[in-house]
Amino acid sequence: MIRLKIFGMGVVVLSLALMVLSYYHYTESTRQILEQVDRRLLDGATALRFAAGDALHDQRLQPDDPALAEQSRRASHCLTHLCRDLQLRSLATLIRRDGSVYLTASSLSDQELISGEFVNYFKVPGQFSDRMLASFADGRPHYFAVDQPPAHHRMLVLPCRTAHDFSYLAVATMDAFVVDRALAESLNRALMECLVLLLVCVPVALVFVWPLSRQLFTDELTGLGNRLCLKRDLLRCRFPQLTLVNIDGFKDINNFYGGRIGDKLLMRVGDYLCKLVPSQTRIYRISGDEYALLCDASPRCVSVEYLMERINEQ
């Protein structure tokens, strides 16, 4: 029973260690996925700036200028191709004018491309105005997780400044389902790894923990049961019959011939006892030259007197 408890504890400890390892792997994988997503957004915003952003915004934009509106349309077509190449949801540029934020160019939807009718020059972006103003104020890039139906995506707002000191925002977004799908795949991999490791830990525990539990109740020199094993078996016997045997003069033998001969003598005595006593009697080495013989009192158990006579005859 004790051996099974030790084996069970070993399996539990090993399982917990593997679960912690799997959870750590999952968190690291999640962090790497989010870093890759943010890197793609940053690449998209940077490409937007050099492809069309600086060229359009390196001047003072006016809402009623047809030439600027046409330049915005060409920039929108450029952002559309760029958005598809980078597999992003959308790319856009915005400016701040009189405390408000306006859209100046953006990638187009399939419907807008087919119809050719769209107006995204000096268009108010709506629900993102407060966040845009915050990005204008501190001049630092900001990542947002937008989860307001029908919008579900991750956004990067990158403040930019042109050669003639005009400022604008480059905005890149990616659909949330792309991120969620990658995170779900990472979670599934972590769960599968944890399951495989848990299945592996049982035979591993059998190989390493079970032999250790056996050594706990075995005398290393003779291979007989030790004192701990005797205590365990005494609790299991209903009517224990215990006999203690020692070697007369063993200390003198050990001192005169040395420890090596003494160890051989202990092993030989253990072998003799195993041959002399019946199979129902268990033998233990409980200390230096002391042995114990244990038998549960029954008609099959040989009397102590008989055992001592046989031992002394040898």
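Visitor: Which order do the strands of the open sheet of 3 have?
Guide: In this predicted model, the open sheet of 3 strands runs in the order β6-β8-β7, and the pairing is antiparallel.

Visitor: And which are the edge strands?
Guide: Those are β6 (240-246) and β7 (282-285), each of which pairs on one side only. From one strand to the next, the twist averages 20°.

Visitor: How many bridges are there between β7 and β8?
Guide: Strand β7 and strand β8 (residues 290-296) are joined in the antiparallel sense over 4 bridges, and Arg 282 has Leu 294 in β8 as its bridge partner.

Visitor: What holds strands together in general?
Guide: Strands of a sheet pair through backbone hydrogen bonds, in either a parallel or an antiparallel manner.

Visitor: Which helices lie across those strands?
Guide: Helix α6 (residues 227-236) lies across β6, β7 and β8, and its direction is at about 140° to β7. Helix α8 lies across β7 and β8, running at about 20° to β8.

Visitor: Staying with α8, at what angle does it pack with α7?
Guide: Helix α7 (residues 250-257) and helix α8 (residues 259-276) pack at about 140°, and their axes are 6 Å apart.

Visitor: Changing topic, is strand β5 largely enclosed or open, and why?
Guide: Strand β5 (residues 167-175) is largely enclosed by the rest of the structure, because 7 of its 9 residues are buried. Strand β1 (residues 90-97) runs antiparallel to β5 and is joined to it by 5 bridges, with Ala 92 standing opposite Val 171 in β5.

Visitor: What about Thr 80, buried or exposed?
Guide: Thr 80, which lies in helix α2 (residues 66-86), has a relative accessible area of 4% and is therefore buried, the cut-off being under 20%. The side chain of Thr 80 reaches the backbone nitrogen of Leu 108 at 2.8 Å.

Visitor: And for the whole chain, how many helices and strands?
Guide: The protein chain comes to 9 helices and 8 strands, and 37% of its 314 residues count as buried. Among contacts with a separation of 6 or more, 62% are between residues 24 or more positions apart.

Technical notes. Residues are numbered from 1 along each chain as its sequence is written. This is a predicted model: local features need pLDDT of at least 70, side-chain atom pairs count only at pLDDT 80 or more; totals for chains, interfaces and linings use all residues. Side-chain values use heavy atoms; hydrogens and water are left out. Buried means under 20% relative accessible area, exposed over 50%, partly exposed in between (1.4 Å probe, protein chains only). Helices (H or I, at least four residues) and strands (E, at least two) are DSSP runs, numbered from the N terminus. Two strands pair if DSSP finds at least two bridges between them. Axes are lines fitted to C-alpha atoms, for helices over the stretch in contact, and angles run from 0 to 180 degrees between N-to-C directions. A polar contact is a pair of N or O atoms within 3.5 Å; within protein, one must be able to donate a hydrogen and the other to accept it, and residues adjacent in sequence count only if both atoms are side-chain atoms. Contact means heavy atoms within 4.5 Å.
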